[in-house]
There are 2 protein chains.
Amino acid sequence: MKDIKEIIADIAVSTRIRLARNVRGIPFPTGAGETEPEIVKPVYTELSKLGTFRLFSMEKTGATEANALCERRLISPDLMRNKQSGAAIISENESISVMINEEDHIRQQCFLNGFNLDEAFAAADRIDDALSDKIDFAFHSDYGYITACPTNLGTGLRASVMLFLPALTITGQIGQLIHAVSRERNTVRGVYGEGSAAEGSMYQLSNQVSLGITEADILSHVAGTVVKICSAENEARGTLLKYGTLEIKDRVQRAYGILTHAARLESKEFMSLLSDVKLGAALELLQLPPSGTLDELIVKMQPANIMLAAGAELSAEQRDVYRAEFVAKALSLIS
Amino acid sequence: MKDIKEIIADIAVSTRIRLARNVRGIPFPTGAGETEPEIVKPVYTELSKLGTFRLFSMEKTGATEANALCERRLISPDLMRNKQSGAAIISENESISVMINEEDHIRQQCFLNGFNLDEAFAAADRIDDALSDKIDFAFHSDYGYITACPTNLGTGLRASVMLFLPALTITGQIGQLIHAVSRERNTVRGVYGEGSAAEGSMYQLSNQVSLGITEADILSHVAGTVVKICSAENEARGTLLKYGTLEIKDRVQRAYGILTHAARLESKEFMSLLSDVKLGAALELLQLPPSGTLDELIVKMQPANIMLAAGAELSAEQRDVYRAEFVAKALSLIS
């Protein structure tokens, strides 16, 4: 029997902490560029004292590179659209990304692998301390940090954990779970894919409310929900194995066979097959190492990241061929 | 450029000659057993002078073994049903099978790999000569050999060639071709599968008429149609490669990936994937040896042959698992 820590390690892919901040007395970003404060420079200067950071102004960043950052979730589509004054300051290892003039003036983000809310929050908090020494953040004694959207008022904190939930998806229990979580003021939504279809069985759990609650309580409430969801996923995996061993074995082995042999792979099919292969690895039906390497593939195989790596604009078909070759090689290297 | 001989070698899987004969003055077989002539013993005695033969009386042959013979096309379902007096006398290498009391009293069959009408006919003719020395065959000076069904009157000869026609199947030209062939008094039909769906893209070309035409003319007419069909298949393969290289490459590579990785394989899916893999080998998109080994798999993976090899009655699911394991191993051995 696995204990809950091991279960969570199998299921929680990554953690993100985001703190929303604005500069006192200056209008929220509009994208028009004229009323925006000169904060890129001071923020970059402060961050550079803490480590090696790279500055991406949305005006000067090419479309493919900006899309690639977006696919790596370091910046948002909203930031990309603010060509006038949008910018991102990103640490060398990509664990820190501070977005300037997205919806708020400053959005400090910290990303870590696995389930690591406390450490991610501590890292974001260090950035926040450093910046608040130099910048006068808009803060109200009743409402806390002032943000463009009321849902971020208060702590300005969004704590998110990315979860790999293939068994809950296959058994169809995911819908019920999303509903139950939302009643407890947390949110679960698909990370990839449009609408309700979560490509790759990847879901993001986040807190819904940041006002009238401390940072510590937000973190512990999200952590509690992570435990519940991971237990449910673990149970669903057990059910799949117990009542459909041959079916699930066939499914994951075929997915592996196709991923290592296809001559072209569309993004959506790739995500679905990779999800099956990762499930197979988790259930020890496939002899593969833990899923870290496989998770990296998800980001590397997104369209703009493929083109960035290939150093060329590629058609959809060319990307599908590149994806098939890359994935086959990557899987054969780790098998 | 391949010449027509090489093209035919790529496409024609096997050849079968069948001669229908009956004993003068005795009613055709009815399956009732009482009126049937005592011909099993004399036929077996004569054949044993020519080589090593094994006698299977339908009364004593178990269902699995009889079905396995049927799947190997050595006997027919009609013969199987005649438990009273049906029998088959089969040579050790299974190239000769003489059915007793099927629709006719005696049906002499010769099977050879590849396209080999003349040699197969010569072998059947040798059997026919040997038996006609001892048995008085029903023969009419106008109608030739007398047979139970009028379509076999005359020579009693059916010359068949099994053809692998994946490209004509994929491009949809096969329907038109079947129609054209039938107007020239030959027949093309799917070998496996029910109704119009030819599993594994395997088709059998045979002469339709055996009356009012010499054996030599039947053979040369069938041979002429083989040349036409193989040329058409070869052209269709070229078209597939030229206009859909990536599509066909993806299709055959995926088929190989699934065949080598699935945990269970239903018969119908196996036939379809094997057809793709064989096409891939023929187009040199897959590094596989010529298709002889792959064709053997078709027969070995039929339900009764699986149970005979496993030495046990197996459920459909158990057979699917056996098939998946056997095929994966067989392909990995020849790859």
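Hi everyone. When I say that two residues touch, I mean that they have heavy atoms within 4.5 Å of each other. Keep in mind that this is a predicted model.

Let's start with one residue, B:Val98. You'll find B:Val98 in strand β4 of chain B, which covers residues 96-100. Is B:Val98 buried or exposed? Its relative accessibility is 0%, and buried means under 20%, so B:Val98 counts as buried. Who are its contacts? Leaving out residues up to four places away in sequence, B:Val98 touches several others, among them B:Val43, B:Leu47, B:Ile89, B:Ile106 and B:Ile127. B:Leu74 is worth a look too: B:Leu74 and B:Val98 are 24 residues apart in sequence, but their C-alpha atoms are 8.5 Å apart in space.

Now, over to chain A and helix α10, residues 267-282. This helix has 16 residues and spans 22 Å from its first C-alpha to its last, close to the 22 Å expected at 1.5 Å a residue. Its buried residues include A:Phe270, A:Met271, A:Leu273, A:Leu274 and A:Val277. Just after α10 of chain A, A:Glu284 takes a positive phi of about 60°.

Finally, how do the two chains relate? Chain B superposes on chain A by a rotation of 180° with 0.0 Å of shift along the axis, and the RMSD is 0.0 Å. The two copies are therefore related as by a two-fold rotation axis. The same surface serves both copies, with 100% of the contact residues of chain B recurring in chain A. And which residue of chain B comes closest to the rotation axis? That is B:Gly257, with its C-alpha at 2.1 Å.

Note on methods:
Residues numbered from 1 in each chain as written. Chains lettered and ligands numbered in written order. Predicted model: local features only at pLDDT ≥ 70, side-chain atom pairs only at ≥ 80, totals over all residues. Heavy atoms only, no water. Least-squares fit on C-alpha atoms with pLDDT ≥ 70 in both. Helix = DSSP H or I, 4+ residues; strand = E, 2+ residues; numbered from the N terminus. Buried < 20%, exposed > 50% of the residue type's maximum accessible area, 1.4 Å probe, protein only. Expected span 1.5 Å × (residues − 1).
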